[in-house]
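This report describes one structure for a reader who has not seen it before. It covers a surface site and then a chain interface.

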Amino acid sequence: MHWGWMRRGVAVAEPVLQVRALCIEWRGADGRTNRVVDGVSFDLAPGATLGIAGESGSGKSTLARALLGHCRPGSAITSGSIRLDGENLASLSEPELARRRGRVMAMVPQNPLASLTFHMPVGRQLEEVLRLRAGLSAKAAGLRALELFGQMGLPEPERLVRRYPHQLSGGQRQRVVLACAIACDPALLVLDEPTTALDKTTEAQVLDLIRRLRMARQGAMVIVTHDLNVVADICDQVLVMQHGRIIEQGAVGTVFSAPREAYTRGLLGAALRVEEASRATHAAPGPTLLEVKGLSFRYARPSLLRRNPLGPPILDGVGLSLARGEVLGVIGESGSGKTTLGGIIAGLLGGEATAVRFDGRPLPGLAAQRTREQRRRIQMVFQDPLSSLNPRRRVGDAVMRPLQLFRGLERREAARCAASLFEELGLEAALLSRFPRQLSGGQQQRVAIARAFAAEPDLLICDEITSALDASVQAQLLDHLAMMQRRQGTAMLLITHDLAVVWRMAPRVLVMQGGRILEAGATEAIFRNPQNPYTAALLGAASRAARAGQGVLAGTGDKKPL
Amino acid sequence: MIALILRRGALSLVTLFLLASFIFFATEVLPGDALDVSLSADEIANMPAEVMARRKAELGLDRPILERYWGFLGGLLRFDLGRTIITRAPVGEIIAMPLRNSVALAGVTLLLALPVALAIAMAAAQAKGRAVDNAVSGAAIIGYSIPEFVTGLLLIAVFAVWWPLFPATITASTNDPLGVLLAAAPLAIATTIIGSVAYLGRILRVGLIEVMAADFVERLHLSGIPRWRIIWLHALPAAMIPGLSAAALYAASLVSGVVVVEMVFAYPGIGAELVRAVTRREVHVVQAIALAAAICVVLFNLLADLGIAALDPRTRR
Amino acid sequence: MRAALRRPAALLGGLLVVVHLVVAIAAPWIAPFAPTSLLDAPLEPPGATYWLGTDDLGRDAFSRLLWGGRVAMLVAFAAGAVAVLGGALLGLAAAYRRGGFDDVVMRLVEMKLAVPTILFVAIFVTGFGQSVPVLIVAVGIIQMMGVVRTSRAAGIVLMEQGYVRAAQLNGESGLIIILRELLPNVADLLAVEFALRASSALLLVSALSFLGLGISPPTPDWGLMVEDGMALLESEPALVLAPALCISTLVLGMNLAAEGLADALGLDAARGGGG
Amino acid sequence: MSALSRRALGALSLLPGIAAAQGAPRRGGAITVAQCSANRFVASAQTARHPYFTVDLTTRIPYNALVWVDRQMRLQPELAIAWQPASADQSVWDITLRPGVRFHDGSPLRAEDVVASYQLHRQRNFASGQIQRIEAMADGRVRFSLDAGNSEFPYVLAEYQNMIMPAAPVETIGNTGIGTGPFRFASTDPNRVAVYERNPAYWREGFPYLDRIELHNREGQQETALAGLRAGQFDMVMTIDPRSVRNLQRDADLVVDSGGGGHHYVIQLPKYPGSPFEDKRVRQALALGVDREAIIRLVYGEGNGWVGNDSHLVAADPNFLAMPRLPRPEAVARARALLAAAGHPNGINLGTLYWSPQSPEVGRYFQVLQETAREAGLTMALEQRPADGYVQFRTGDNDLSKGSFHRFAMTAVGPRNPGISLFRMRGDFVESGHWRGAEHDRYMALYAEAMREGDAARRRAMFTAMQSLLHEEVPALLPAGTMTFSVRRRHVQGFEFHPQIWSVRFDEVWRG
């Protein structure tokens, strides 16, 4: 592990980048303006690396583009200055900016697949930058491109240059855009969410590369991310943004070890601290409610020639069992098959009927084939709170519908019942007559939970229910969920990529990868001592930020982050 | 790619079969049959019933519909489009040249309209929301909103009658070489082009605007790549992809859809032939033309698919 | 809707449509003469009594112009409604059911693309008569298939939404899911589609009238007036230009309104239209 | 011996001889003609030259019939120079062929060619169905045996399509396009263009004048045809909308020709049980209530049409009997009185009148009819039906026992001799709307008598009596008719239009 920044400390050299009282406003189609960057000031010394952290909507991406003198259509710098090498980018004309972009300042965009021209081989795209921006001849550009690809750790550069972006892996694409950005060795390199699109294993490799680049280069670097682990890994300084303002800034070690703002603490809280004891309580093992044995699943691909030719396996021989009232976590990255598993149990996808047994009886694949009682007993809460409520219907309707459907309640009775469910979940009854858009994300998800519990289910499947929520409300939601689960004695299948959620809620966990179960067992045991390297990578990637502030946190270990 | 073409082809065959059947049975709702409509009112009024019955039997019009349907399908399998009911002329012979002419008109229209539409779309997309864009989009919408017959008649009035630059009506023959025919049809071509430019321009503009907002365009912009290069080399091929499908469908519909223009200018195309065939209950001709139009749709779609595959490596497998 | 009206082009479009609608509705009260009454003054030049002159049967051209959009607009709006309602139900049902039903619906859509429009209308009108209801149904079916496509596409996206899944998991019937969960959520799309379909129906109807397959005399109709006036274009240009202008401005208004609406709702009007 | 044949014997000089006015005709040159009538013709590559599948007004360019009807509706010799009945009841007719006529391919015209041609016409041409037998006689004459007496049979020989073609089997005869006419086919583009070139061996010495005629079909597309005329693409446009006449006449470069007679519309009044038209007074009220002069004034233009007399005869026919006319207010008053007497003091709704756009002015015609009938308390709705399939729609299956009737609808009819025209009002024919009763029987008795009658004057008296009967009974309404019109550039000379468009000739047209 490189912890070089700790030794180097904050540079004292003349700052290469000076941002002063920068304001950027967005003018909506309705003519109203919205200040997305509000009075931001900071300095950056040559060779230093600054992390800009914040949740989506905090203005960090807009700030990142402004550092290249760019504002997306509809937005504009209204005041303040950005001095790069002494020149105020805010006052330069577009052609003057264009001359500097790529050479003096460059950007590595967030989504490498979308950021590469899909109909052009990647080699040509790099050569284009080299020819036009570094002024190389076609031949020299070709050679330099191979060289750069090699430096980026891309295998077989000669073959790779002729590939199209979609033929590359996510890590390879990220390396290609990195190569394009550093082609002219810019004084300022801005990386926008450099790891978001990558899986954990690749993320580690790419971070490693960035770290090496940082060491090798003289220029300053700005990394925009929502992931504090990344900041902890490679930045000297951090700048935490919320609603367009800087709410906290300073050296990484200082900020992470003693966050002044609740918001920062929330962000940090989202990172897992295994060192804390799991708060999940083990229920006494009851009779088995759900049993899955050797479940495999493939999507049928439409074809004219064969009736149901099968795609690649999504699930491959998955087995699990769940007792009444038990909470089981299922973790894995996207594509691991965990959502498909939930979908099959819930009855969204027709699986093998014999593979799933519910309450001792085989469970038909699709919800439509199940009995009304079975449907009532298995409920689901979905990932995106907004999409899980019909935007054209009042939220009360959503909660009343299962009451009417499964419990045969009259409309008035159902309304009363829905109101009391709302109260239990800390929602005002007045919200019943609102439309989903009028609710916050956390409220929406609580309504979705209320809808699920309205049916008084025996099994609740929660599919990434916190991932669309701000860190600040996640904990609250999980508290409510745990409370309802305990009260109704519902068994839960908690599908998530967020280890903190599992750590907090589920005494037992399954780790999935590529449609298989890699590891299963008590959460404590697996998290503290992962047997499988993949599990270890998952855990390792998730806990670095926590470690960065470890020393101080140890003293406040009993304090809840929120 | 080949698999894609094969699958498309197979699906298209199903569509063609359904279409042929649909047309066959739909024409049954029409009052009268080919014999009735080939006779004048005087003839029908005065022809004795037994003479009528005998002639229907001669023409096979008295056979039950299913029998005629099987006969028709059998013919199709043998690539035999059948003969016209009254004159016993081979249907293929009747529709071949009009079809050629309509395809030529559609082709010329597209060839001329596409670059213009592209230029307009680029001008508009480059200046989205500004005066140029508003003017161009406005003109496109206006062009799109004026009925073809109005455009055509006004063009004739202005450029053939008041200011006689071009022929008002097409006197060239169906079988004339395409060059002669198209040279005789400048106003007809202009009429179709006006509508096409408006339509295609709108679609391409939206496509371009969408692509210009794409991440890769922003990356290139932030790399300091010149704007013209971004537009021509990066954005345009990408914007052409959704445009191609729309243009293909549009071109296919042009082949049989320019009836109004063909009528106004007396262009010897398949649209006018179609109206005539419906009028005369020449069921086989109607079916043949409908099939030809459908095949055009299929072919143009296939062309678009090939074009898309050329532009978009992601679709190549 | 309010956002749409803030755009000047959309506002102009909406205004054009509203003016046309108001004139059409108010025609019986504001027209100085009955549109069919023979005033025994054929081909009077425009003047104080006859603002646009009279046509060759001695009917007041201005009054006919005021009346001339009524039936065409009735057909266009009714056909638009038929197309949007039928198309939405069919498209959403296809998105809901998928499988064989979806295949059948998509083949239908494809067939519509392949059948020349004019053939379809010619068969319809010849078989069932040249009356307004027949025209509405024929034009409605033609316009419907495009709506099927767009609403199916939208429906497929909606089917992935949590609330639809939740309804499915609760065992709600297909009809309920389509009507309760899907339909309200494509309302925006359908509003745009309606404007587009109605404008394209209006163009189609006037072209059909021009070909003699659409609205028939004695109904005062712009398409017919253009066709009828062409013989007199040189001597009485107003008899052609006025109705041509009316058709064009109405279609233009509908297109602008559709575009503005689509823009405001974040939809894509150019691709929805066509066909 | 009939007056007809006597006149015919010395008639060569009567063939159109109007060369006067514009100086001496010149030989040579070509003209391009467009025609706009929505005439039913079903040409294909094989048959575009066949007289049955070309536009009727062009059949006498490549072909001749045995007899021609002139503009005054008199019989004139064409390929036949004489015709006379060979039986007292007028059911057998002998025809003498013109000697020395050659077909375009050089072969001489023989009686066998006439026989072969009529084998087809007998089967296909409605008017020739009455021919039972046709024989070539030893002296080169041709004998026609009919199923009944027909004193006007020679008119049948002049009917459209009844052209003489070189002998061939019925299936293929006529496909070659070879005839005896002034021009022969140079090329054809089915449904679009026919190009004719001069027949140097034409039997009329010195004719035709032109070297070439190019005929373009602009069926139902009068605007483009006229635009082509103005733009100089066409020298002549035939069968134009009468209301265009006034505009065209203003142009000094153009000449408008009138056929002097032309088409008109029968409005059939179906008299099935329960129909308002069962009551004679309603029919009479309708006949009075429709403002016939207004139709002519507004739809056709003054002088371009004639007031109909509710019979199929046209004003150009010498046998035409004009109706007694009342001043408009009086006619309306009487119509209202008749309606009141029939039990409709507040007027009557006649239902829907169906029409089809068979010529450009039809829509306007019916609008005027509808508006003026309203003044007399007769209201009706109008509904357009597409021109195609209209005939079937109008007649329905016409089975009273099944409760299906033909409709209150119009039919376009062309001008013909009384024998054919008056026969159309027979009770078992749709156009009479199932006319029945004593008056009908009297009408038909008169008709049968006239057909057996050889003497033209006596026949004329019978025709007059029949028309009076129609005026009184109004079995059908025929309010007004229009001349046929064509327009040519001034340099096209020697052209005369014809009330029967299929009898137009181009023999004497020349280019100035």
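## An exposed tryptophan and an interface

B:Trp162 is exposed, at a relative accessible area of 51% (exposed is over 50%, buried under 20%, partly exposed in between, with a 1.4 Å probe and protein chains only). B:Trp162 lies in helix H8 of chain B, residues 148–162; helices are DSSP runs of H or I with at least four residues, numbered from the N terminus. Together with B:Val158, B:Trp163, B:Leu165 and B:Phe166, B:Trp162 makes a nonpolar surface patch of about 520 Å².

The model is predicted, with local features needing pLDDT of at least 70 and side-chain atom pairs pLDDT 80 or more, while totals for chains, interfaces and linings use all residues. Residues are numbered from 1 along each chain as its sequence is written, and side-chain values use heavy atoms, without hydrogens and water.

| Item | Value |
|---|---|
| Residues in contact (heavy atoms within 4.5 Å) | 46 of chain B, 42 of chain C |
| Buried area (accessible area lost by two parts put together, 1.4 Å probe, summed over both) | about 3,700 Å² |
| Salt bridges (Lys or Arg side-chain nitrogen within 4 Å of an Asp or Glu carboxyl oxygen) | one |

Carbon and sulfur atoms give 78% of that buried area. The salt bridge joins B:Arg202 to C:Glu259, with the closest N and O atoms 3.0 Å apart. Helices of chain B that each supply at least two residues to the side touching chain C include H1 (2–26), H8 and H10 (186–212). H1(B) gives the largest share of that side, eight residues.

How values were computed: Chains are lettered from A and ligands numbered from 1 in the order in which they are written. Patches are made of residues with over 30% relative accessible area and no salt bridge: like charges are joined within 9 Å, nonpolar side chains (Val, Leu, Ile, Met, Phe, Trp, Tyr) within 5 Å. Accessible areas come from the Shrake-Rupley method with a 1.4 Å probe; for residues, only the protein chains shown count as cover.
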